[in-house]
Amino acid sequence: MSPRRAYLDIAPGEARGVVTLDGRPEHLILVRDEDDPRLEPGARIAARVRKVEPAFASAFVDLGEGLEGLMDYPPDRRPVEGQMLEVEVRAAPRPGKLAAVRGVGPAEAPVRLLSAAPSLADRLAHLTRSRETVTGAEARRRADEAEETALTEAHVLPGGGLVVIEPTRALVAVDVDLGPRKGPDPKSLVRQLNLAAIAETARLLRLKGLGGLVVIDLAGRGHDGTALLNAARNAFAADQPGVAFGPVSRFGTLELTVPRRTRAMTEILLDPGGVPSDRTLAQRLVRRAESEAAVETGRLVKIQAAPAVARLAWPLVDRLAERMGARFDRTVEPGWPRDRFEITLP
């Protein structure tokens, strides 16, 4: 049996796909109604070259409706401004960064979407090498668990020890801490901790949607650099091609680069202040409302929410009512903090 398994949770406004590795979340894919299909990895677009930057061997391309992408090109295939090209989105845009695209071949005007990115079901099948997908209550539980883990900084390692993952503007810092973990052979204990931490870091970076320059501050000193590098190559094999490793430094750090292919979960789920966004809270409300309505079909469900969340949640609740045939009594509570909502069966 494959160590990976797929789960699909669908609610009005949002679908969540989860892949677990040996029972723990490894990938979380969120698809929301407002997502622009032209910015999803795998989408193909007839784009126009807007500006060429020879010094960086890159070009800005017009993806339509004010959207742009950044395309690298080989020295012998420099594009011409105004040229139409078929491009494929390789990485979704991030704050301050354009979507990364690659040239596929010539295209004809106008600028337009040629083919959508793979569906969520197809992406799950690609990651697990299987079409078997779990849905229903178990999928929702797994997706909730994956969201919580993706937004957590400190992670307890199996057997003890701690990995703390903190993304910064320049890099992703990973700190490995021995914690209360003890044993008769401290050197062997530290070695096993670092090996476990590298494997966990690879899984958690995929889950969190993090990449770029990653610096792992290993526990202890006097490391077996060869063994740790081999462990890192195995742990990050699923992220190839594009992963590059540096040697374990005399300061006890392991540096590597991991391609950025998706948006970070924090960028999707949190607002700039680092707390769940109104959209995220609205989705949580809708899922709770659906669970309550399913307890006793046809019974009235009362929902109370703050204005900012209610504004986004009520249209989704309308869709839920139509799908389930449920009845919802909705009240906006102006004095409530936006992260408070209550759902009851009166």
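The model is predicted, with local features needing pLDDT of at least 70, side-chain atom pairs counting only at pLDDT 80 or more, and totals for chains, interfaces and linings using all residues. Residues are numbered from 1 along each chain as its sequence is written, and side-chain values use heavy atoms, leaving out hydrogens and water.

**Exercise 1.** Describe how α3 and α4 cross, and find the residues that make their contact.

*Solution.* 
Step 1. Locate the helices: α3 covers residues 186-208 and α4 covers residues 225-235 (helices are DSSP runs of H or I with at least four residues, strands are E runs of at least two, and both are numbered from the N terminus).
Step 2. Take the axes, which come within 9 Å and cross at roughly 25° (lines fitted to C-alpha atoms over the stretch in contact, with angles from 0 to 180 degrees between N-to-C directions).
Step 3. α3 and α4 are therefore roughly parallel (under 35 degrees; over 145 is roughly antiparallel, 65 to 115 roughly perpendicular, the rest oblique).
Step 4. On the α3 side, the contact (heavy atoms within 4.5 Å) uses Arg191, Asn194, Leu195, Ile198, Ala199, Ala202 and Arg206. The α4 side brings Ala227, Leu228, Ala231, Ala232 and Ala235.
Step 5. Sorted by class, this α3 and α4 contact has nine nonpolar, one polar and two charged residues (nonpolar: Ala, Val, Leu, Ile, Met, Phe, Trp, Tyr, Cys, Pro; charged: Asp, Glu, Lys, Arg; polar: the others, including Gly).

**Exercise 2.** What crossing do α6 and α7 make, and which classes of residue form their contact?

*Solution.* 
Step 1. Find α6 at residues 278-295 and α7 at residues 307-324.
Step 2. Their axes come within 9 Å and cross at roughly 35°.
Step 3. The crossing of α6 past α7 is right-handed.
Step 4. Among the contact residues of α6 are Leu281, Leu285, Val286 and Ala289, and those of α7 include Leu312, Leu316, Val317 and Leu320.
Step 5. The count for this contact is 15 nonpolar, one polar and four charged residues.

**Exercise 3.** Work out how α2 is placed against α6, and sort the residues where they meet.

*Solution.* 
Step 1. α2 runs over residues 137-150, and the axes of α2 and α6 come within 13 Å, crossing at roughly 155°.
Step 2. That angle makes α2 roughly antiparallel to α6.
Step 3. The handedness of the α2 and α6 crossing is left-handed.
Step 4. Arg140, Asp144 and Glu147 of α2 meet Arg284, Arg287, Glu290 and Ser291 of α6.
Step 5. In this contact there are no nonpolar residues, one polar and six charged.

Key
A crossing is left-handed if the near helix is turned anticlockwise from the far one by less than a right angle, and right-handed if clockwise.
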